[in-house]
Amino acid sequence: MSIRLICSDIDGTLLQYGRKELEGEIFEQIRELHRRGIYGIRKKVPAILL
């Protein structure tokens with residue numbers, strides 16, 4: 001079975017320790033997942049992958 005979709009919230013998962021902005025490294029990781037055909041879903045935030 002292969003991974004096709006990753007679902008994640010922002011607060012407490014991608015934004016840790018009370019930070020207000022995502023770090024640049026996360027965008028590199030998201031682009032790599034997208035390149036491999038793995039997509040993300042989000043709620044109430046601007047689209048990152050879609």
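Modeller: Start with the elements: helices (H or I, at least four residues) and strands (E, at least two) are DSSP runs, numbered from the N terminus. On that basis the protein has one helix and two strands, and their order along the sequence is β-α-β. I26 is located in helix 1.

Biologist: What kind of model is it, and which residues count towards the values?

Modeller: It is a predicted model, in which local features need pLDDT of at least 70 and side-chain atom pairs count only at pLDDT 80 or more, while totals for chains, interfaces and linings use all residues. Residues are numbered from 1 along each chain as its sequence is written, and side-chain values use heavy atoms, with hydrogens and water left out.

Biologist: Why is I26 called buried?

Modeller: Buried means under 20% relative accessible area, exposed means over 50%, and partly exposed is in between, with a 1.4 Å probe and protein chains only. I26 has 16% relative accessibility, so I26 counts as buried. Of the 50 residues of the protein, 12% count as buried.

Biologist: What makes R19 and E23 a salt bridge?

Modeller: The rule asks for a side-chain nitrogen of Lys or Arg within 4 Å of a carboxyl oxygen of Asp or Glu. Between the side chains of R19 and E23 the N to O distance is 2.7 Å, so the pair meets the rule. R19 is at 44% relative accessibility and therefore counts as partly exposed; E23, at 40%, is partly exposed too.

Biologist: How many salt bridges does the rule give?

Modeller: The count comes to three.

Biologist: How do you know that E32, R35 and R36 are linked in a network?

Modeller: E32 forms a salt bridge with R35 at 2.6 Å, N to O, and R36 forms one with E32, with the closest N and O atoms 2.8 Å apart. The three residues are therefore linked through salt bridges. E32 and R35 both lie in helix 1 (residues 24-35), three residues apart, about one turn of the helix.

Biologist: What are the accessibility classes of E32, R35 and R36?

Modeller: E32 has a relative accessible area of 27%, so E32 is partly exposed. R35 has 61% and is exposed, and R36 is exposed at 59%.

Biologist: What makes I3, I6 and L33 a nonpolar surface patch?

Modeller: Patches take residues with over 30% relative accessible area and no salt bridge; like charges are joined within 9 Å, and nonpolar side chains (Val, Leu, Ile, Met, Phe, Trp, Tyr) within 5 Å. I3, I6 and L33 make a patch of about 240 Å², with areas from the Shrake-Rupley method and a 1.4 Å probe, where for residues only the protein chains shown count as cover. I3 has 57% relative accessibility, so I3 counts as exposed. I3 sits in the segment before strand 1 (5-7).

Biologist: How far apart are the C-alpha atoms of I26 and L15?

Modeller: The separation is 9.9 Å, and I26 and L15 are eleven residues apart along the chain.
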